Amino acid sequence: MPEIVVCADRGTLSERAARRVVTAATTAIGARGGFAIALAGGSTPGPLYRELADAPHRDAIDWSRIHVFWGDERCVPPDHEESNYRMARETLLDAVPIPGRRIHRIHGEEPDPEYAADLYEREIHRTLASPPRETPRLDLVLLGLGSDGHTASLFPESPALEADDRLVVAVKASEPRIQPPVVERITLTPRALNAADETLFLVVGEEKAPAVRAVLEGPREPRRWPAQAVRPEAGRTTWMLDAAAASELSGIPGPVRGGTT
Ligand code: 6PG
């Protein structure tokens, strides 16, 4: 069962999530000399990235030992306003001393998204030094949740949900239920996400409450609620929710106000 943490508000959630990232990074670096994180896109993680870009969290991480990936990307250039890479660069990466060669963005600008997906899959294998047959293990994957239950760019009824032979796939704009604007995307697959040591969902806002309830308390239907496809075999999954996003859950402890991780 995933751990569910309800925070009083978005600020508390971002601060608590920042502490969770710092703990995961320092533990992995201490144990294995490095830390590989996949960032989430969308609007929710921005405040978390700003927390990590500032003291004390920025100074608690050895950025020279970090590899940064993305869980998904829109098929746009890296300076496009829709780019998940641009959002992370502006809120975090430009403010921390991480070597450029350790920032592994998805090349959404490639004219052929399938080629870009293949490139990224090879970069993940190469960076995490995993043989082609093996599934590379990210240390931490940050994820959001769409009001339709999607996560990363795994949308309801998408063939990407069954891509068990791949780590990264392209998501066609012609697929059903892609949220507007209708932009093609590239996403990590459930296989890649479920190999992670830890997955951390960050969800805020009342408009997400029905999807949160369906994913966490509803029947298991990952094709309809893709976030249910994220169930790391050996990893730890945590859902960090603000009170509004958690408002339709039954039997959840009261919101956390500040406090420790
Ligand atoms: C993206 C994200 C996507 C996002 C959800 C929630 O590229 O948009 O990967 O899965 O996390 O759509 O988006 P918000 O945080 O903007 O609500």
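What is the volume of the largest cavity? In this predicted model, the largest cavity has a volume of about 80 Å³, where a cavity is a set of points on a 1 Å grid over the protein atoms alone at which a 1.4 Å probe fits but cannot get out, and a volume is the space filled by probe spheres set on the points, with grid points joined across faces, edges and corners. Local features of the predicted model need pLDDT of at least 70 and side-chain atom pairs count only at pLDDT 80 or more, whereas totals for chains, interfaces and linings use all residues. Residues are numbered from 1 along each chain as its sequence is written, and side-chain values use heavy atoms, with hydrogens and water left out.

A search of the whole structure finds 2 cavities of 30 Å³ or more. Lining residues, defined as those with an atom within 4 Å of a point, comprise Val21, Phe35, Ile37, Leu39, Leu52, Ile61, Trp63, Ile66, Val68 and Leu92 in the largest cavity. Strand 2 (35-39) and strand 3 (66-70) each supply at least two residues of this lining, strands being DSSP runs (E, at least two residues) numbered from the N terminus, and the largest share, 3 residues, comes from strand 2. The lining of the largest cavity has 10 nonpolar, no polar and no charged residues, with Ala, Val, Leu, Ile, Met, Phe, Trp, Tyr, Cys and Pro counted as nonpolar, Asp, Glu, Lys and Arg as charged, and the others, Gly among them, as polar.

The second largest cavity, with a volume of about 40 Å³, is lined by Ile124, Leu128, Pro136, Arg137, Leu138, Leu167, Leu188 and Ala192. By class, its lining has 7 nonpolar, no polar and 1 charged residues.

The ligand sits in the largest pocket, a pocket being an open set with protein on both sides within 12 Å along at least five of seven lines, and a molecule sitting there if more than half of its atoms lie within 2 Å of the grid points. Of the 15 residues around the ligand, Thr44, Arg74, His150, Ala152 and Lys208 come nearest, a residue counting as near if one of its heavy atoms lies within 4 Å. The shell has 2 nonpolar, 9 polar and 4 charged residues. An oxygen atom of the ligand lies 2.7 Å from an N or O atom in the side chain of arginine 74, and a ligand oxygen is likewise 2.7 Å from a side-chain N or O atom of histidine 150. Taken alone the ligand exposes 410 Å², of which the protein buries 88%, with accessible areas from the Shrake-Rupley method with a 1.4 Å probe.

Notes:
Helices (H or I, at least four residues) and strands (E, at least two) are DSSP runs, numbered from the N terminus. A polar contact is a pair of N or O atoms within 3.5 Å; within protein, one must be able to donate a hydrogen and the other to accept it, and residues adjacent in sequence count only if both atoms are side-chain atoms.
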